[in-house]
Amino acid sequence: MTAINDDSAVNGIMQKRVLATAIPGPQSQTLHQRRTTAVSAGVGATLPIFITKAAGGIVVDVDGNQLIDFGSGIAVTSVGNSAPAVVDRITAQVKDFTHTCFMVTEYEEYVEVCEALNRLTPGTHEKRSALFNTGAEAVENAVKIARSATGRQAIAVFEHGYHGRTNLTLGMTAKNMPYKHTFGPFAPEIYRFPTSYPFHDELSGSDAAKLAISRMEKELGGSNIAAIVLEPIQGEGGFVVPAPGFMSALADYAKAQGILFIADEVQTGFCRTGNWFASEHEGIVPDLITTAKGIAGGMPLAGVTGRADIMDAIHAGGLGGTYGGNPVACAAAMGSIETMEQFDLVNRAKEIEAIMVPRLNAIAAQTGVIGEVRGRGAMIAVEVVQPGTKNPDPELTAKVAKACHAQGLVVLTAGTYGNVLRFLPPLVIPNHLLTEALAIITEQFVAATA
Ligand SMILES: *Cc1c(COP(=O)(O)O)cnc(C)c1O
């Protein structure tokens, strides 16, 4: 654990917040201007600064500002940017070869990542994996596999869910703006059901599951459902942790009906929540599990892992893609997994939770505008409400996020109502940066509500 709480340099970058200019600084503004004439306006930017280096808990911009990273590129760089084991493995791999397409001629790195996925994901049953490039692609393939293996079509998803931005996964994603607006029609045979959102529905996990299951029964009939696809903790939906028992009731129902239970662990996987996978918190063993984001230290890689009988039911050539399981991305994944094991990042995520949650609860008590502090491990969020109510306050959320950015702290928002401030620090962030970021968040909440 020595490297983790060391406040000296990581990869030559002092683990120190530095505000050299206003944010965004002049050089970022110039580049952002240039971007507007080259990059589609449809591609957003939470914080219009241009990054030149990043490591540990710090991102450095072109103006010399050093910001504390509470975003990890959306839960991707859990092992830190340019983690040494990732860089070493990538560098060696790039020198050997960069691509053959695994479907044309094979290479060991792909097999190695699949073995690691089979070993690390929940359950001791026999498993197989297939590799892709993005989370959305993994979800699409999980749906393909589930339909093919069951001979059924209907896919059950949930309110506030997020599964990606391709056409099929947009159909599975709940939120209109900015994801779905004007982009339809979406693929058929996708049905949305109530989720468990304890802060709002005030239901036990089993009652919330009963509601969803009775609707599935009435609207679809269990024998027509190929898969139930669920995020064990909703990501873009606002880090919604279902009430205990919700997932297990759905998993039991799925099993009884021959429905495949698919855990979309694209955001929650790979140590983020204080377990290798968030399904483990509830003792769930999914039939299929999708992974991406944190898997490869920043390189594009995704996987579908599942029961061998399901994964092997697909005809040869039915799964794949030109780049899926690219050797450089696979090398990065092995470096990333090695880092997670070496530095015990499962427990580091739990430490981060233990540091963050009390401080955020204190802000809630002090300001009255945080309805709930929730999440697990290093996936923690606050839901911002009008005082004394559960009504969302997206304006205040945006104001605090913007104020944090100006102070050199990268934070993201989330939630169907845009009223969730979410925190996804790299798991290797030093404690002093964690504490400093929490002080900034406190100050900005206090200032915004004064
Ligand atoms: C981000 C995310 C996706 C989509 O992943 P991409 O790599 O952006 O395609 C799918 N599911 C969940 C739960 C996610 O958080």
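Here are two exercises with worked solutions on a predicted model.

Residues count from 1 along each chain as its sequence is written, and side-chain values use heavy atoms, without hydrogens or water. Local features need pLDDT of at least 70, side-chain atom pairs count only at pLDDT 80 or more, and totals for chains, interfaces and linings use all residues.

**Exercise 1.** Work out how α4 and α12 cross, and which residues make the contact.

*Solution.* Start with the axes (lines fitted to C-alpha atoms over the stretch in contact, with angles from 0 to 180 degrees between N-to-C directions). Those of α4 (residues 108-120) and α12 (residues 327-342) come within 8 Å and cross at roughly 40°. Helices here are DSSP runs of H or I, at least four residues, and strands are E runs of at least two, numbered from the N terminus.

Next, list the contact (heavy atoms within 4.5 Å). From α4 it takes Glu109, Tyr110, Glu112, Val113, Ala116, Arg119 and Leu120, and from α12 Pro327, Cys330, Ala333, Met334, Ile337 and Glu341.

Last, sort them: nine are nonpolar, none polar and four charged. Ala, Val, Leu, Ile, Met, Phe, Trp, Tyr, Cys and Pro count as nonpolar, Asp, Glu, Lys and Arg as charged, and the others as polar.

**Exercise 2.** Find the residues closest to the centre of the largest cavity.

*Solution.* A cavity is a set of points on a 1 Å grid over the protein atoms alone where a 1.4 Å probe fits but cannot get out; lining residues have an atom within 4 Å of a point. Of the 13 lining residues, Phe158, Thr195, Leu230, Glu231 and Gln234 are closest to the centre. Then check the elements: β9 (225-230) and α10 (246-257) each give two or more residues to this lining. Sorted by type, the lining holds seven nonpolar, five polar and one charged.

Key
1 Å grid on protein atoms, 1.4 Å probe; cavity = no way out; pocket = protein on both sides within 12 Å on 5 of 7 lines; lining within 4 Å.
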